[in-house]
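Hi everyone, thanks for making time this morning. Let me put it on the screen.

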Amino acid sequence: MTQSYSFAEIARLPDKRDNVAVAVQRLEAGARVNFQDRTFSLDSPILVGHRFAVNPICVGEPLLSWNMPFGLAIRDILPGEYVCNAAMMAALAYRSIDFDLPNEPNFEDLIRPYELDKASTKLSILDEIHESGATFMGYWRGDMRGVGTRNIIVILGTSSQTSAYVKLLAQKLQESKEEYLNVDAVVAVAHTEGGGTGELANNQELVLRTLAGFTVHPNIGAVLLVDYGWEPVNNQRLRNYMQAHNYALEEVLHEFMSIEEDFGASLLIGESIVKGWLGAVNGAIRTVEPLSEIRIALQCGGSDAFSGISGNPLAAWVARKIVWAGGMANVAETPELAGAEAYMLQKVSDPKSARRFLSMIERFKVRATQHGATIEANTSGGNMMRGLYNITLKSLGAATKRHPDQSLDFVIEYSEPMRQPGFYFMDSPGLDLESIAGQVASGCNLILFVTGNGSVTNFPFVPTIKIVTTSDRFQMLKNEMDVNAGKFLEGYSMDDLGREMTDLAINVASGHLTRGEKAGHSQVQIWRNWQKVSQNDLGKQSRTNEFDGQPIILARGPEIPDLKYRVMHSARGYASRQFGLILPTSLCSSQVARIAAEKLNNAGFGRDRGLSRFLALGHTEGCASSSGLTGHLFSRVMVGYACHPLVRHCLFLEHGCEVTHNDYFKHFLMSQQADPSKFGWASVQLDGGIEDVTRKIGSWFLTALINETAPQYQEVGLESLRLGIHTIDEMAEQTAEALEKITRVIVLAGGTVVIPDTSSVLATLSFLKALSPSLAHGQQFTQPGLYVMDSQSDHWLETITGLGASGVEIILAYSGRKPIQGHDLVPVMHLATESDVQENSLADYDLILNGDPASWYKQVLEKLVDVLAQRYTPKAEMLGNTGFQITRGLLGLSF
């Protein structure tokens, strides 16, 4: 029986002048819709959040939402027709939907270049500050820092090289913090930037400005800043930057610390410093403060078609209330406002701000072009699945975070401090976590985060209020979300919802914990470095493609020692040990993956089956991709780990709204001749949030372990060894000769050696100098032999992450400086000679070469076999000084 609906039951018009409507529920083909004074039938099933025509649209005419054009009809469109563009149809082809889409699109995207028109732009001096008697309870930090909404001790990694250190130190201090009830938390702030081997990073000033903003943030009671000292971004450069730019460093309890002792001793030093602060930080008290001290970050992630109808307008209502009380609000994500310039500039404080806003959007477009991409790449598969067909629709919805009554007052750079009351636009990528980091550094002390799909991410030292756009999604994720904006779609007034949410915001600012704070997980990501800065470099993009994968032939070498070790023999080949791997498909599911792995380990899963442990390889990618080549590089690395011999069972965990969702990886696995049914699949959003998805993950691994065939053990020699070698810094000729002998012995025995093309050993050994890469970054080798791998960056951790994906089971590392991070999955053995090592870091090395240099290669081979036989655990692994970081390559750019 054909169903008949009144329009109000099943759809919404963002603006009464629109010619397409948004479905608020799944609709079936043939359903009749009573709209205004007529009735029409739907020509196809229509997904929630997707659009259908309500008026006839002739070929060449614009399709309108919020009374703004987002596309042009490429044929006549009748009322009731599903409106589809090519990108949405391609994105849904990767998804499991239970009906056939229309055969072809009926509109094409429209992004009109915007020209500033003084006649249509209402200039307004900063909106009058309305007196407000409302207050909150906050921490006064001084005239320059302002008022905090939390009282937190932060351990900040100045560069990515100290990420493992700050995480471990924060973890060690949790028990000590418990007796100090007024210290809200001790948290680590680790990130991916500033850790290369070059003199400066392309984003050097941006990173320094962001770290400076973090350091003086009013939510911080004390901060320990940690570096090694040799990184492009280090403590001395940060201190100099803060002094030169008048940051109020003297107003915050702090210490700059360089790791000079061995890693374990350095942890004790850091622990002593922070413990000495606990009493002083605990002594801070909340005082009555005006609403003018609240600085709101307006943010969205996992957006859907209702973000611009319910969630963003609700956040805008609260932001207007705060700004009119003399506070500040900050909207960001530059590519997500391209196409919405007309709306953003309907009311602006001065022509200079309008021109600066437009120049930042244009600058972002130019940068995208330099990286072989367009700004449209910001629209993810999750966005399209939830009804945002293109960047214009996404931008129009995102722009509604500015209330129509609120002027755009100031335009600032990423992480630039906000100095005056008003409404700000901050330049940033559309990747929400990278954008939030800039907003926090600019001074925001409260985050209003709007989500359609149900993003669960949080920031470590600023509370995040999660606003979900629909009631169904709120019920699905009620343990993760704070506010149900979907009530507006059900008839509640925006004013009533706005008043309720303003009360909640004041309570949270005064110390009430958000859902995310109660869950206890958070992430930080600074706007990542972009390596390519010139259109002239586009020709290098071929470096992200597959290389021939052929091994290099070696004719001779030294005598092959008779070394044996015991391994497991499984379907993936020989392995010295095996793990259960939870592989997050994006940055936003990485922290949840870690939580799930920790729970499985605490429960003792798999130990009786010979599984070493469970682990999650968290990373920063998958939420946005700047080009097909960069996306392919990322996917190749991910599949390299999913199929790694050290991994017995692997489950992919999606957040739910990323570019590289589960269905994407199922298709990619099939393209690599891998069977998706051999892997587990789970979704933070679609499986009901953190608690429910964690149970699902545990159930899948339990089933996999029960049903598996027990691995067989056997003794093997060097013919089975798969070794990665990575070296930085110059080395003595004798050290290089030992590495050459190791390479020749393993390869001639029938094993495999992979060396990155940035390794310093290549410049020392004559027989390797002329070699070109034979493996792409992260490309799996398919036969034994010697390979040179394309590195894609000068970052230590990114390079060994690529090495691991190739299939090596152990990495031999040499550094003329202190040993640096190991790898989360693949053991890394640090090597040095007596002349290389400073006495205060002896404890960090696994092997100090001494005696006759002619025997060094045998010493190394024996130690490598000890690691593989599990008779010795490398220091980095034993201490927890490990990490995992996927490169974005030459073309990577955050969108």
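Predicted model: local features only at pLDDT ≥ 70, side-chain atom pairs only at ≥ 80, totals over all residues.

Where does Glu9 sit? Its place is in helix α1, which covers residues 7-10. The side chain of Glu9 reaches back to the backbone nitrogen of Ser6, at 2.8 Å. If we leave out residues up to four places away in sequence, Glu9 touches Val24 and Gln25.

In general, strands of a sheet pair through backbone hydrogen bonds, and the pairing can be parallel or antiparallel. Which of those do we have here? The sheet is open, has four strands in the order β14-β13-β15-β16, and its pairing is parallel. At the edges are β14 (185-189) and β16 (253-258), each of which pairs on one side only. From one strand to the next, the twist averages 15°.

How many bridges join β13 to β15? There are six, between residues 152-157 in β13 and residues 220-227 in β15, and these two strands run parallel. To pick out one of the partners, Ile155 has Leu224 as its bridge partner in β15.

Two helices deserve a mention here. Helix α3, residues 163-172, packs on the sheet and touches β13, β14, β15 and β16. The direction of α3 makes about 170° with that of β14. Helix α7, residues 263-282, also packs on the sheet, touching β13, β15 and β16. For α7, the angle is about 175° with the direction of β16.

Last stop: the second largest pocket. About 660 Å³ of space lies in it. It is lined by 26 residues, and the closest to its centre are Val48, Arg386, Thr470, Asp472 and Arg473. Which elements give two or more residues to that lining? They are α11 (381-385) and α14 (471-476). The largest share, four residues, comes from α14.

That's my tour, and I'm happy to go back to any of these views.

Methods
Residues numbered from 1 in each chain as written. Heavy atoms only, no water. Pairing = 2+ DSSP bridges. Axes fitted to C-alpha atoms, helices over the stretch in contact; angles between N-to-C directions. Contact = heavy atoms within 4.5 Å. Polar contact = N/O pair within 3.5 Å; in protein donor to acceptor, adjacent residues only side chain to side chain. 1 Å grid on protein atoms, 1.4 Å probe; cavity = no way out; pocket = protein on both sides within 12 Å on 5 of 7 lines; lining within 4 Å. Points joined across faces, edges and corners; volume = space filled by probe spheres on them.
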